[in-house]
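User: Could you take me through the strands, the cavities and the backbone of this model? I will ask as we go.

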Amino acid sequence: MKLSVPGRATATAVTAAATLLVGGSIAGAAPAPHPAVAAAPDIPVANVKAHLTQLQSIATANGGNRAHGRAGYKASLDYVKAKLDAAGFTTTIQQFTSSGRTGYNLIADWPGGDTNHVVMSGSHLDSVTAGPGINDNGSGSAAVLETALAVSRAGYQPTKHLRFAWWGAEELGMVGSRYYVNNLSSTNRAKISGYLNFDMIGSPNPGYFVYDDDPAIEKTFKDYYAGLGIATEIETEGDGRSDHAPFKNAGVPVGGLFSGADYTKTAAQAAKWGGTSGQAFDRCYHSSCDTTSNLNDTALDRNSDAIAYAVWALSS
């Protein structure tokens, strides 16, 4: 997640809801129970952690990080792309330049579905230069990857078209995702029914935060957690600080999940979710200690399953 906080986007939830209600809306797919929700697979956390182990190894072999313009980032992208290509996705690498270095976005489309109604899920793949970025944001990247692979394993044939993305240079100000959005035609932007963002979902002292940007997408995630008996809170720490921001600024309905960064967990939150009050959700945020040891397996597992739940529910 990017450190600085730009202003909130101007698009309102009312506008986003209206956008959803035009032609094959996501809104109709959100309520539970729903046949597509029941079909959503469990995402094995062991698989997600295996991807994170690979990202850690890549960082270790490349100066300790996976930052924009560094060898560790490109190796991370190549790892993700190889998995997707083998699973039958159509992958595209989008190249851009930032701070004098070449950056890359990876876009993966699942064949089929109505390409006039695209459900898109994404995460930033870059780390800061200070460390390997396993929670920020290997966690989101690995969970989105494993969800995409689950689509392939299931031979899922959704009504809507599924697209997945891994963004470069988020840590420099959402550069990659902004480049992608800015280079979409207005027609193609309008085809994105919703963009789901996952940035830091395995924090070691986790909270369970849901973006409150689009009402229908927000409800989908809240329904999932209500089914587990887990209370969620509205996500405020990351407002405007991750890759949903360029989409929201362009009028695309957005949503997502977050487990907390350097804000401090309150006593009330610790009573609700466990963990340690008075400590940051992630004490290794943007630090060298953001390694594979810097994860909460339960949060990573629940949030990974929630991604699959939402992808299935919103694309049916």
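Predicted model: local features only at pLDDT ≥ 70, side-chain atom pairs only at ≥ 80, totals over all residues.

User: Which way does β2 pair with β4, and over how many bridges?
Analyst: Strand β2, residues 101-110, pairs with β4 in the antiparallel sense over five bridges. Within that pairing, leucine 106 has tryptophan 166 of β4 as its bridge partner.

User: And β3 with β4, parallel or antiparallel?
Analyst: Strand β3, residues 114-124, runs parallel to β4, and eight bridges link the two. Serine 123 stands opposite tryptophan 166 in β4. The chain passes from β3 through α5 to β4, a β-α-β crossover that is right-handed. Another bridge pair is valine 118 with histidine 161 in β4.

User: What about the cover on β3 itself, and on α5?
Analyst: β3 is mostly covered, since eight of its eleven residues count as buried, a term that stands for under 20% relative accessible area. α5 is mostly covered too, with 18 of its 21 residues buried.

User: In what order do the strands of the sheet come?
Analyst: Eight strands make an open sheet in the order β1-β2-β4-β3-β5-β8-β6-β7, with mixed pairing. At the edges stand β1 (90-98) and β7 (233-234); each has a single partner strand, so one side of each has no neighbour in the sheet.

User: How does β1 pair with β2?
Analyst: The two are antiparallel and share nine bridges. Glutamine 95, for instance, stands opposite tyrosine 104 in β2.

User: And what joins β3 to β5?
Analyst: Five bridges join them, and the two strands run parallel. Valine 119 has glycine 194 in β5 as its bridge partner.

User: Let me stay with β5. Where is isoleucine 192, and is it buried or exposed?
Analyst: Isoleucine 192 is found in strand β5, which covers residues 192-198. Its relative accessibility is 2%, and it counts as buried because the limit for that class is under 20%.

User: Which residues does isoleucine 192 contact, apart from its sequence neighbours?
Analyst: Leaving out neighbours within four places in sequence, isoleucine 192 is in contact with Val118, Met120, Leu184, Phe247, Val252 and Pro253.

User: How far apart are isoleucine 192 and valine 118?
Analyst: They are 74 residues apart in sequence and 4.5 Å apart in space, taken C-alpha to C-alpha.

User: Which residues line the second largest cavity?
Analyst: The lining consists of Ser127, Val128, Gly133, Asp136, Glu171, His286, Ser287 and Asp290. By class, these residues divide into one nonpolar, four polar and three charged.

User: What about methionine 174?
Analyst: Methionine 174 is also a residue other than glycine with a positive phi, near 55 degrees. Its place is in the loop between β4 (160-167) and α6 (175-182). Methionine 174 is buried, with a relative accessible area of 2%.

User: To finish, how many helices and strands are there, and what share of the residues is buried?
Analyst: The secondary structure comes to eleven helices and eight strands. Of the 316 residues in the protein, 57% are buried.

Methods. Residues numbered from 1 in each chain as written. Heavy atoms only, no water. 1 Å grid on protein atoms, 1.4 Å probe; cavity = no way out; pocket = protein on both sides within 12 Å on 5 of 7 lines; lining within 4 Å. Nonpolar A, V, L, I, M, F, W, Y, C, P; charged D, E, K, R; others polar. Helix = DSSP H or I, 4+ residues; strand = E, 2+ residues; numbered from the N terminus. Buried < 20%, exposed > 50% of the residue type's maximum accessible area, 1.4 Å probe, protein only. Pairing = 2+ DSSP bridges. Right-handed = clockwise from strand over helix to strand, strands pointing away. Contact = heavy atoms within 4.5 Å.
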